[in-house]
There are 2 protein chains.
Amino acid sequence: MLNLKHVAISSFNENVAYVHSDCSAYKVDDIKTMTKVEIHGGMQPVYALLEITDDPKIVKPNELGLNNEAFRQINLPEGANVSVTLAPPAPSLPIVKRKVAGNILSANEYAAIINDIVAKRYSNLDIASFLVASGSFMTASEVLAMTEALIGEDVIRWDNESIVVDYHCFGGVPGNKVDIIINAIIAAYGLPMPTTCSRSLTSCAGVADTFGVLANVDIDEDKLIKLVKENRGAIACYESLPIAAANKIVSKVERHIGFTQQQHLAASILAIKLAAGITHLVVDIPVGPNSRVKSTNEAMRLRKLIEYVGDMLSLEIDAVITDGSEPIGNGVGAVLEARDVMKVLRNKPDAPQDLLEKSLFMAGRILEFDPKLRGGQGYAVAKEILNSGRALEAMNRAIYAQGKAPQPQLGHLTRDIVATTDGVVESINNERINKIGILAGAGQYPGAGLDLLKKVGDRVEQGETLFRIHSLTSTDFAYANSVVDGNNGYEINAKGY
Amino acid sequence: MLNLKHVAISSFNENVAYVHSDCSAYKVDDIKTMTKVEIHGGMQPVYALLEITDDPKIVKPNELGLNNEAFRQINLPEGANVSVTLAPPAPSLPIVKRKVAGNILSANEYAAIINDIVAKRYSNLDIASFLVASGSFMTASEVLAMTEALIGEDVIRWDNESIVVDYHCFGGVPGNKVDIIINAIIAAYGLPMPTTCSRSLTSCAGVADTFGVLANVDIDEDKLIKLVKENRGAIACYESLPIAAANKIVSKVERHIGFTQQQHLAASILAIKLAAGITHLVVDIPVGPNSRVKSTNEAMRLRKLIEYVGDMLSLEIDAVITDGSEPIGNGVGAVLEARDVMKVLRNKPDAPQDLLEKSLFMAGRILEFDPKLRGGQGYAVAKEILNSGRALEAMNRAIYAQGKAPQPQLGHLTRDIVATTDGVVESINNERINKIGILAGAGQYPGAGLDLLKKVGDRVEQGETLFRIHSLTSTDFAYANSVVDGNNGYEINAKGY
């Protein structure tokens, strides 16, 4: 037996156990490679990766150390008696091997994998293996199975509501934060809309990052229910809600490996919405050569997949294929995007028109879920709500109710990227813009990002600013500068002038 | 700037940097997920995963901690001034995404990935993504490209030797340790045979584990060259040699995720042999329904693949398809396998005949690489060398020269698994036997494993022992017992009696 010690290290979602090299109870000198151990003594065994130290200030030979993640899970006081053994492989790992070999997995097999992930039986490495293996192909039935498995057991209940709406964009278009404007319009109209969002996975800002600039997004289930009851609208980071536990673990690994497969993303989005108790969902699938979805054919396949899963799980879905050829709005990065959103809600003359129009269009589609509204009237109703200032009022109520956030500072290290010729902006490459923004520090710091002063179709003169880089640290600034000179993502057609 | 501190934790091949939550130089409270950082101050930037602590005994706010792996790499004294920044993604990671999407990669792309892995620009998660993504399919050119990339820059030179031979088994057959017997026979004959082997990846014992029971296998390049010069034979764990650095990193990740794709294994084996300076190689491809390679067709494809890569890289290969339908010998696990090997070398009457015959057959194939030997005489020469005791003498010389190992104890927790009916053993499932052995502690402890007292074709009576489990810890023993009752891997044909 060993004495439990809390080693106050946070390892981002990975359970770690620390054992002294002269451990009195577990022989470690034969161990040559990464090893998963099982710690007994709490209510349930806790699984952790083993790390070895010979520093008694970290753990003594008669101690077992657990990092923050594992210590929280074992839920015992320091000094408690625990024992440690080699963990057998997670029961579902052979299923992952079958997927690597190209097999189609059953619903029970997806459930077994997701259960093991929630039980922390998978290391992050195991999760990455599963994601990459299943990412190469999944049938529609497999996506359905994975969606069901990801929902988990806890679903938010909206008693007395016949419809609960939400919007989700498939992503790949920098700056697209219509979600926040839509929520304000729908809340002002009066449909219950608990928007569940997340922080950036691979983009410069997730909806939770951008709305997090304006208000607190880490709200719990009771508060979310109360907010929607009182104000109809609310925007919460789903991480703060007790839903879709497996998805939280999986998406951290996805973020680290830097990519998300479309079918995983579909399963993840639908699972979160179903766990949030949504009944009616508009899904936005932007298509563009540098968007996540590259062609209309691909978008059609994805739409049918999402509709199939929605039908099987009783989620009413309106999947809309939209233009994803260039960034939406001017700001890319949380602070700059929040500025654009507030300009639209405040009916400012310099508000980005593409962001405004897309918000009205999507809000219109959601409003038409309301049986009381005549077909085709959604857009006009949305426009009236925005123009009248009722959407702004709803937004201000939401910000006040969720708690105003301390405004983060906009990156003070700036550089203007200028046109090298007169002409017309012919295209802006989403992926390149995203990459420059990420290197500038967006995704890490809300105040970092790009301000796109010119958009497709705009005339520019030589020397005129196309966009401005904002960074907070000199390293990020240097990274962004090092890639922007090779290719700034803009194509200027000189003949068009 | 921060002061460097050595945090004496070993994390099995992953560089880790520890920063205090109130770090004076790097703001960490916005960090919500796994982050890779770049540490400056040494000759080269060092890349590490970030972990955060609020315990000043681990690191103070003005310190940057590095674990054993990263501290060794930065090669600076404690207290040195270092700085830390967010690391940009490894340049070759987009190539991995292209592989996930199903593309064929070029030789330059494989080289870029392997270079980044050696430079520690990939976390273990990134490596797992690459392995699983490329594991789903690779063309022959891709396997060639990966092999070349894995060889690396350091190749052992065998001056004054016209041929340098080795043997490698593709695996999947428990107990197959012909490698050690072959080495003794070839050394006695006089061909230079520096066998490079590894510890168990997914089996109960690697050749390095089994020979490690008899002698020290961690020998360096100078010693290996000296041993082969003096004794012609030697068996070294390739991990102790300065070759194939990328493969060492990659195979630790493979071991953790618990599987190896055939094409990776081919690239890995050939790269190690080429880096070890081998000119002539016998590759053994065992085929059986529960072996790694399941069908003769599959084995033929693999043979052609290996021959193609060998031809392109000037390695003479004799690829032999063998019977992998049941375990070889009686022992499964390092100590028990070493016992079998010594019985064969000592010409004991109870030596396992299948191990003996396979060793002679394979040694014969290797001997025939010698231009001086008449075609078809290899087997007879090998048999004469073994029967005369010259192989045993060569083995004893090798053990003495490499350094005798302290004999590890055989697992004292034992259980006999008995036949439930009279009959004839019809089949023994390799994968099941391997699984029971692994759970019994083999792969972790040399003394754990299974002793197979009955083999295919043997008559058994009800209650007679089929095999014996040996464990060293009660947990391992319990694991093995928990699976053996469901399916012990033996099929008994009752009618055959």
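Visitor: Leaving aside neighbours within four places in sequence, which residues is Ile156(A) in contact with?

Guide: Two residues are in contact if their C-beta atoms, placed from the backbone, lie within 7 Å. In this predicted model, local features need pLDDT of at least 70, side-chain atom pairs count only at pLDDT 80 or more, and totals for chains, interfaces and linings use all residues. Residues are numbered from 1 along each chain as its sequence is written, with chains lettered from A and ligands numbered from 1 in the order in which they are written. On that basis, Ile156(A) touches Glu221(A), Ile243(A), Ala275(A), Ala276(A) and Gly277(A).

Visitor: Why is Ile156(A) classed as partly exposed?

Guide: A residue is buried if 20 or more other C-beta atoms lie within 10 Å of its own, exposed if 12 or fewer, and partly exposed in between. Ile156(A) has 19 other C-beta atoms within 10 Å, so it is partly exposed.

Visitor: How are two packed helices described?

Guide: By the angle between their axes and the distance between the axes. Axes are lines fitted to C-alpha atoms, for helices over the stretch in contact, and angles run from 0 to 180 degrees between N-to-C directions. In chain B, the axes of α6 (residues 178-189) and α13 (residues 353-367) come within 9 Å and cross at roughly 45 degrees. That makes α6(B) oblique to α13(B); under 35 degrees counts as roughly parallel, over 145 as roughly antiparallel, 65 to 115 as roughly perpendicular and the rest as oblique.

Visitor: Which residues of α6(B) meet α13(B)?

Guide: Val178(B), Ile181(B), Ile182(B), Ile185(B), Ile186(B) and Tyr189(B).

Methods: Helices (H or I, at least four residues) and strands (E, at least two) are DSSP runs, numbered from the N terminus.
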